Amino acid sequence: MNDRTPRRTGPAEQLRAVGLRVTAPRVTTLDWLSGHPHSTADQVADGVRARLGSVSTQAVYDVLHVCTQHGLLRRIEPAGHPARYETRTADQHHHVVCRLCGRTEDVDDVVGADPCLDLPDASGFVVDGSEVVFWGLCPACTEAKDSVDA
Ligand SMILES: [Zn+2]
Ligand SMILES: [Zn+2]
């Protein structure tokens with residue numbers, strides 16, 4: 001399997017592949033997040049509880065932590081906003097984040113710039129990745145702002 005193959009394995013297989021025990025909260029968290037990318041830990045906790053019933057918020061936080069550590073989830077931390085999680089870990093795509101509400105979307109193609117920024121001088125660092133966050137206002141916040149201004 002290489003990275004370009006679309007991932008067809010389910011959450012249980014993914015957990016086993018990285019040596020994690022398969023538990024209902026873990027499977028449900030991965031499954032729910034695959035349909036709700038860029039969700040905050042609180043949103044994930046709500047979503048998982050809606051499916052599983054009694055799961056503590058702390059238990060969901062623990063699942064997010066361990067899955068991120070094992071590379072099953074990617075954690076995005078826009079400055080000044082709660083961290084968000086997604087299951088799309090195979091590439092290093094970039095994000096656009098709303099300054100007001102924190103809504104986060106994928107940016108697949110960066111026009112006019114190499115997304116793998118080429119550093120002429122990295123002060124001796126061996127650079128193996130980059131993370132670009134574009135900031136702006138989402139459509140809903142733009143609309144709300146316009147109606148306030150009017
Ligand atoms: Zn917004
Ligand atoms: Zn993303």
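Colleague: What kind of model is it, and how are things labelled?
Modeller: This is a predicted model, where local features need pLDDT of at least 70, side-chain atom pairs count only at pLDDT 80 or more, and totals for chains, interfaces and linings use all residues. Residues are numbered from 1 along each chain as its sequence is written, chains are lettered from A and ligands numbered from 1 in the order in which they are written, and side-chain values use heavy atoms, with hydrogens and water left out.

Colleague: Are His 93 and His 95 buried or exposed?
Modeller: His 93 is buried, at 5% relative accessibility, and His 95 is buried as well, at 1%. Buried means under 20% relative accessible area, exposed over 50%, and partly exposed in between (1.4 Å probe, protein chains only).

Colleague: Changing topic, how many salt bridges are there in the whole structure?
Modeller: A search finds 7. A salt bridge here is a side-chain nitrogen of Lys or Arg within 4 Å of a carboxyl oxygen of Asp or Glu.

Colleague: Where do Asp 31 and Arg 51 lie?
Modeller: Their side chains form a salt bridge, 2.8 Å from N to O. Asp 31 is in helix H2 (residues 24-35) and Arg 51 in helix H3 (residues 41-52), so the pair ties together parts 20 residues apart in sequence. Helices are DSSP runs (H or I, at least four residues), numbered from the N terminus. Asp 31 is partly exposed at 35%, and Arg 51 is partly exposed at 45%.

Colleague: And which residue does Glu 77 pair with?
Modeller: Glu 77 forms a salt bridge with Arg 75, with the closest N and O atoms 3.2 Å apart. Glu 77 is exposed at 53%, while Arg 75 is partly exposed at 36%.

Colleague: What about Asp 91 and Arg 88?
Modeller: Their side chains meet in a salt bridge of 2.6 Å, N to O. Salt bridges with shared partners join Arg 88, Asp 91, Asp 106 and Asp 108 into one network.

Key
Helix = DSSP H or I, 4+ residues; strand = E, 2+ residues; numbered from the N terminus.
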